[in-house]
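Visitor: I have just opened this one and would like someone to walk me through it.

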Amino acid sequence: MFHSLQSPLRLDLRNQFNTLFEEARRKDSVLTPHPIMRVPLDIVREIFEAAARADPDTPFHLLETCMAWRTFVLETPSIWKNIHIAVDNDDALKALPAFLLFSKTWKLDVTIIGTHAPESVVDELAQAAHRIHALDICLHKAAREPFRGLSSAPPDGLCSLSCLAVETHSEPQIRGAKPQTTQALERIEQDQNSLDGTDMNLLQTLPMLTSLTALVLHDMGIVDVPPLELLSLKSLRIVLRNSAAVLQSLKCESLQSLDVILEDTSRDGWWDFLLASLVYPQLVELSVDATLDREEDDWSTPWDFQSRTRLHTRDTISTLTIALAFSDWQYIWGLGGKAEYLCGYLLDESIACFPYLSNLHILHVPFLHSPFIWPIEQILLTLRKLELNVPAVVYDKPSPVIELPNLSELRYYGFVSLQTTRLPSLRTPCLQYLEIMHHQRDVHPIHGQINRYWPGELRKSISGPEFSTSKNNSVKDFPEDIEDADPLLPIIHQSFALQELRLYLGDPLRRANINFGSTTFPVLKRLYCSIFYLPRIVAPQLEELHLLWSAKDETRRFDGYPKGDKAQRVLNQLKMLDIYSHANREFHEVPFKRISVEQWFPYLTSLCMIIFPRGWMCIDHFIDVLSRDPHICPALTTITSPTYPTSWVSLCHCLETRNHLSMRDPSVQAIHTLRFPLAVHQNIHGPLQDALSGEFAAPFVPIPLQPWTLRELQPQIPGSTAHEPPLETACFDCYQSGNTFECERPPIGVRSLDCPRHLGPLSSPGVAITAHRRDISGYLA
Amino acid sequence: MDHATKVKRKRDLMHLRDAKEKMRTVLLQIASLEHSKSDLQDSSVSPHPTSL
């Protein structure tokens, strides 16, 4: 096909078309200018500012668009106020003077990220220190130095600073990662990434400071922390070690949000922290993430907290987050099978003293299951958002029905079976968002960012006999039998107001798992679930479907799913289909048999966006099907593929065919956006952008030193129909993208042949190739 | 809208219509070439034409 298109007649016709298309587009842009050309400048400015916040390179891209935008951008300082300095990137450093110049006198939001900030960067910024409104420093080393340098810059230092963050730049935690240990904190201090007494004095000189995020303000050696007044501070996020001494010395009359990571603490330290945090009169949001030092207390005996000062009731606090774990991330059964006690009564009391809680998150509270810390009735009435991360498999007895009449969001991460969860007891008539993630291990299929509470360990089993007062292993017993548990999960089949449902119940063939019957959700828009449960969900307004996978049998069900009328109705109305929505590969490692998406395509008549899986060569199947029938998925405009196609030429050709069809037939949309994990070489990007824009693509040109990337262009091996195979030193995705120079493929023989750039979970939505002009549907009709 | 602008707009519209007509013709020519080629290579018939 490709070679046939190179015949002189075809080339001539293609060139003719492109010339005419350019001419028509020029006329069209005069007659019906793009909507943004008619939008008031204030709104354009707002859009550009939002784009600049999202991507620091935005001003430079806008400069290159047209003369009108160039002039507007250069004359609008607010578009230049977001400065992102990647200190390890020379290009980012070169851009700094332009941002400082064109932002004129505007207040600046500055981010410094990377290994170590060179003095030249701090010196350059010092000229505009008085304009800095927000300063976010995230460095491997000496993170506090830029703050100190800019604070002393003449004439007034950081006199306008409102938000300050000083943090250690690090990779996200992976499976098995521990919470920040003493050693980690010491390293942070050695690397000068924490604030100390010097910095605290500097903080007091910042009259506008309203938000502070910092690491380890308190050193264990300091006994008497000098009083610190930060009267404008509204938001504080700090890491403390062992005690809340810094907090006790802090005077913040305006503080509304307090988020503390309390490392290596004892029971007393935790209690003192709670007492100290309740003195702030304006506090609305309280979050404490404590790691407990096993050497500090005897955790196998209940704690007599009755003799302590009681916590005062606080009406202002509406959001509470509590996370607890031992510093070594272990749960130990002592001699004689004694469990480790955490602060059961304390949790009970701390939750009860906030009667107007609307948002409660109980994260990773080991050996404490919800029966022992269930909120009082007043809170049940007001609660709107609830998150429970249950780190143990607790064999609980059924409990009375618990009504949460106003709850709108519920997230439950734990081991879900009839005997191990209180979910069957919950009634949530107003629930709009439900997420139930069942797994024996503490992993999450999608959200890698909550790893802090997901250490990748197995959930330990706890049963009634083990966790009872008779064995002195508990301060409370499991509740007596109340009624038989509902074999189905009422929270699913009685929550009729759900708009979003995320459901992972594990291998559906395991009988112990909780189940649910066929249910109609009248307003459900977004659904994450396995293909096994999909037929039981009737959702006449469903727009987004994200498939989760857990068992080999599901691939067979996937192939056969579109055969039923009900399934076809679901597929007909979908606007977005994400075939394999696991971002986290740890979630399961089942090598599934190949699926065939082909049967699904005829029914996806409303689909605008499709996200293919990494494997199964789905993008190649799609190219094949679209080449044969360009009418399929007539509403489709955007394709995301975590892997690259085997043939770029085939992809380009089917896009041309589809988009030229859409010009004649208004019922068929043009495909205008392709998204891949990383940027592709310009020799690939250019022709694809032509095809997406509605033109005939310029011919592909081989990439120097990487001929295998576009191997269709290479001469065939003599005596064979095959082309020269690619070198084996790069992974498929790297050589296919034309970017082999950064490939770190493991040696041949290692099980996975992908390099780390393509192996790990996608941390971003990828890199898009978009059309110059998107509205070509029906252009020639 | 003054008279001169109206005239210019009308002229632009005519040019646009003309360009579109020519584009349509060229696309049809390309489509017929594609068809003749694919008919020779493959006798299977798609439920829809593969091109315009």
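Visitor: Let's start with Lys104(A): is it buried, partly exposed or exposed?
Guide: Lys104(A) counts as partly exposed because it has 13 C-beta neighbours inside 10 Å, where 20 or more other C-beta atoms within 10 Å make a residue buried, 12 or fewer make it exposed, anything in between is partly exposed, and the C-beta atoms are placed from the backbone. Please keep in mind that this is a predicted model, in which local features need pLDDT of at least 70, side-chain atom pairs count only at pLDDT 80 or more, and totals for chains, interfaces and linings use all residues. Residues are numbered from 1 along each chain as its sequence is written, while chains are lettered from A and ligands numbered from 1 in the order in which they are written.

Visitor: Where does Lys104(A) sit, then?
Guide: Lys104(A) is in the loop between α6 (90–102) and β2 (108–114) of chain A, with helices (H or I, at least four residues) and strands (E, at least two) taken as DSSP runs numbered from the N terminus. Lys104(A) is not a glycine, yet its phi is positive, at about 55 degrees.

Visitor: And where does α6(A) bend?
Guide: The helix α6(A) bends by about 25 degrees at Leu96(A), with a proline, Pro97(A), following within four residues; the bend is the angle between axes fitted to the seven residues ending at a residue and the seven starting there.

Visitor: Which other residue has a positive phi although it is not a glycine?
Guide: One is Ala142(A), with a positive phi of about 50 degrees, and it lies in the loop between β3 (132–139) and α8 of chain A. Ala142(A) is partly exposed, with 15 other C-beta atoms within 10 Å.

Visitor: What about the bond between Pro154(A) and Pro155(A)?
Guide: The peptide bond from Pro154(A) to Pro155(A) is cis, its omega being near 5 degrees, and Pro155(A) belongs to the loop between α8 (144–151) and β4 (163–168) of chain A.

Visitor: Moving inside, how many residues are in the largest nonpolar core?
Guide: That core has 176 residues, and those with the most contacts inside it are Ile132(A), Leu135(A), Leu527(A) and Leu604(A); a nonpolar core here is a set of buried Ala, Val, Leu, Ile, Met, Phe, Trp, Tyr and Cys residues joined through C-beta atoms within 7 Å. Helix α19 (residues 648–664) of chain A gives the most to this core, with seven residues.

Visitor: What does Leu604(A) touch?
Guide: Leaving aside neighbours within four places in sequence, Leu604(A) is in contact with Leu571(A), Leu574(A), Leu577(A) and Cys633(A), contact meaning that the C-beta atoms of two residues, placed from the backbone, lie within 7 Å.

Visitor: Switching to chain B, how many helices and strands are there?
Guide: Chain B has one helix and zero strands, and buried residues make up 15% of its 52 residues.

Visitor: How many of its residues are in contact with chain A?
Guide: In chain B, 22 residues are in contact with 22 residues of chain A. The chain B side of that contact has ten nonpolar, six polar and six charged residues, where Ala, Val, Leu, Ile, Met, Phe, Trp, Tyr, Cys and Pro count as nonpolar, Asp, Glu, Lys and Arg as charged, and the others, Gly among them, as polar.
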